[in-house]
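Keep the structure open as you read.

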Amino acid sequence: MNDATIAGAFPPQLHDHGDCVAQALETADKLCHDKGLRFTQLRKRVLELVWTSHKPVGAYDILEKLNREGRKAAPPTVYRALEFLIEAELVHRLDSLNAFVGCADPSSSHSGQFLICRGCRSVAELDDSAISDVVNRAAADLGFAAVHQMLEIQGLCKACQKS
Ligand SMILES: [Zn+2]
Ligand SMILES: [Zn+2]
Ligand SMILES: [Zn+2]
């Protein structure tokens, strides 16, 4: 059994989200420094906006917020910043929602299984290597070398099952 979701309780319980954001930015700063990546003001701000909550955020929402701050960002600028953050594994893209969510544990390499609540749109990331191992093995049986896995599992969180 996997111990827990990386983000803790699912859906996240009442907590000081400012701590999550501060932690995410600090981790990103360190990770970029270690990897020799340029963590520009814009990239930092986009990461911060992705981390507005534990729910996925659309690129358009980010763009709108940046423009409201007077940054006059064009869509390609935002997409490039998101691309950078995904590449650095600071952010994950959820294809089924066409939205982005911050990675709670970017320093450890994990395989990306996501639980997505259809009720409240909360997302939790699992780090269960048993799942990815099974996929890798099944793929290898077909002579396929799997390099990247993104599993998106939709359902209802505990709170939404009740209501
Ligand atoms: Zn939080
Ligand atoms: Zn992650
Ligand atoms: Zn829910």
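**From fold order to helix packing**

Follow the chain along its sequence and the elements come in the order α-α-α-α-β-β-β-β-α-β-α. That makes six helices and five strands. The model is a predicted one.

Now take the overall dimensions. The C-alpha trace spans about 50 × 45 × 25 Å along its principal axes.

Next, the domains. The domain assignment gives domain 1 as 16–104 and domain 2 as 110–163. Their centres, taken over C-alpha atoms, lie 22 Å apart. Where they meet, 11 residues of domain 1 contact nine residues of domain 2. On the domain 1 side, six of the touching residues are nonpolar, three are polar and two are charged.

Finally, zoom in on one helix pair. Two packed helices are described by the angle and the distance between their axes. Helix α3 covers residues 59–68, and helix α4 covers residues 75–87. Their axes come within 10 Å and cross at roughly 115 degrees. The crossing of α3 and α4 is right-handed.

Which residues meet between α3 and α4? From α3 come A59, I62, L63 and L66. From α4 come P75, V78, Y79 and L82. By class, this contact has eight nonpolar residues, with no polar and no charged ones.

Conventions:
Residues are numbered from 1 along each chain as its sequence is written. Chains are lettered from A and ligands numbered from 1 in the order in which they are written. This is a predicted model: local features need pLDDT of at least 70, side-chain atom pairs count only at pLDDT 80 or more; totals for chains, interfaces and linings use all residues. Domain bounds come from an automatic or database domain assignment. Two residues are in contact if their C-beta atoms, placed from the backbone, lie within 7 Å. Ala, Val, Leu, Ile, Met, Phe, Trp, Tyr, Cys and Pro count as nonpolar, Asp, Glu, Lys and Arg as charged, and the others, Gly among them, as polar. Axes are lines fitted to C-alpha atoms, for helices over the stretch in contact, and angles run from 0 to 180 degrees between N-to-C directions. Helices (H or I, at least four residues) and strands (E, at least two) are DSSP runs, numbered from the N terminus. A crossing is left-handed if the near helix is turned anticlockwise from the far one by less than a right angle, and right-handed if clockwise.
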